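Hi,

Here is the structure I promised to pass on. Have a look at it, and then read my notes below.

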Amino acid sequence: MKFLVTLALALLLLTLESVLVQQLGLAISRIDVTVVLVAFLALRASLLEGSFSAFAVGYLLDLMSGQPTGLFTFLAVFTFLACKLVVRLTDVRSRAAFVLFAMGADLGHGALVSFFTWLTIKDGSASALLPGLPLQVTLTGVAAALLYPLLRRFEVSQDRSSSAGLLR
């Protein structure tokens, strides 16, 4: 059930992100809500469930982005696994810690997107993605701060439904 909720939430957030990016006129930057979801999955989901959900979220982003197919799918799973490793070394329990965690994940994700896009594009236009990275990381931090209570609420409701199923 968590997978379906994550998938529906990712689709909704990607749709809202595309509308906001267009309305704000952001040409070289974006609000990376998928990284926020993947970072939250790294905190709360098991390895198998989180990897599968990150794959699906990355695939949705691949479909909506127009970038080379498979890039965001690979990077979402890679980001999930890297975040899962970082979670073992740090304590991410508060909203502020989650915002910093998501911003760090987005910084790594954005740098890898720029690198892999640079590898696949012949004219070198991928280097234009790097100047927009600080704004993207900042906007992702704002999105993480706004989404954290919503994600926690979904987590609590999922925990309640799974524990109610165990009591039957």
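Read along the sequence, the chain goes α-α-α-α-α-α. In other words, the secondary structure amounts to six helices and zero strands. Please keep in mind that this is a predicted model.

Some overall figures to start with. The chain has 168 residues, and 41% of them count as buried. If you take the contacts between residues at least 6 apart in sequence, 73% of them join residues at least 24 apart.

Now the inside. The largest nonpolar core has 39 residues, and Val36, Phe98, Phe101 and Leu151 are the ones with the most contacts inside it. At least two residues of this core come from each of helix 1 (2-24), helix 2 (33-44), helix 3, helix 4 (71-89), helix 5 (95-120) and helix 6 (133-167). Helix 2 gives the most, with 10 residues. To see part of this for yourself, click on Leu151: setting aside neighbours within four places in sequence, Leu151 is in contact with Leu9, Val36, Leu37, Phe40 and Phe98.

You'll find Leu75 in helix 4, and it counts as buried because its relative accessibility is 0%, under the 20% cut-off. Beyond the neighbours within four places in sequence, Leu75 is in contact with His109, Leu112, Val113 and Phe116. Leu75 and Gly110 are 35 residues apart along the chain, and their C-alpha atoms are separated by 9.5 Å.

Leu11, Phe55, Tyr59, Leu63 and Met64 make a nonpolar surface patch of about 500 Å². Helix 3 (residues 47-65) gives the most to this patch, with four residues.

- Phe55 sits in helix 3. Is Phe55 buried, exposed or partly exposed? Its relative accessibility is 43%, so Phe55 counts as partly exposed, a class that lies between 20% and 50%.
- Leu11 is in helix 1. Leu11 has a relative accessible area of 42%, so it is partly exposed too. Between Leu11 and Val57 there are 8.1 Å in space, C-alpha to C-alpha, although the two are 46 residues apart in sequence.

What about charged pairs? A search of the whole structure turns up one salt bridge. The partners are Arg93 and Asp91, with their closest N and O atoms 3.0 Å apart. Both Arg93 and Asp91 are exposed.

One last item comes from a record. An unreviewed UniProt entry lists residues 69-87, 99-121 and 133-151 under "transmembrane region". I can give you the model's picture for two of those spans. Residues 69-87 are 89% helix and 0% strand, and the end C-alpha atoms lie 29 Å apart. Residues 133-151 are 100% helix and 0% strand, with 24 Å between the end C-alpha atoms.

That's what I have so far. Happy browsing!

How values were computed
Residues numbered from 1 in each chain as written. Predicted model: local features only at pLDDT ≥ 70, side-chain atom pairs only at ≥ 80, totals over all residues. Heavy atoms only, no water. Patch = residues over 30% accessible without salt bridge, like charges linked within 9 Å, V, L, I, M, F, W, Y side chains within 5 Å. Areas by Shrake-Rupley, 256 points an atom, 1.4 Å probe, with all protein chains shown as cover. Salt bridge = Lys/Arg side-chain N within 4 Å of Asp/Glu carboxyl O. Buried < 20%, exposed > 50% of the residue type's maximum accessible area, 1.4 Å probe, protein only. Core = buried A, V, L, I, M, F, W, Y, C linked by side-chain atoms within 4.5 Å. Contact = heavy atoms within 4.5 Å. UniProt positions renumbered as here; feature names shortened; annotations may be inferred.
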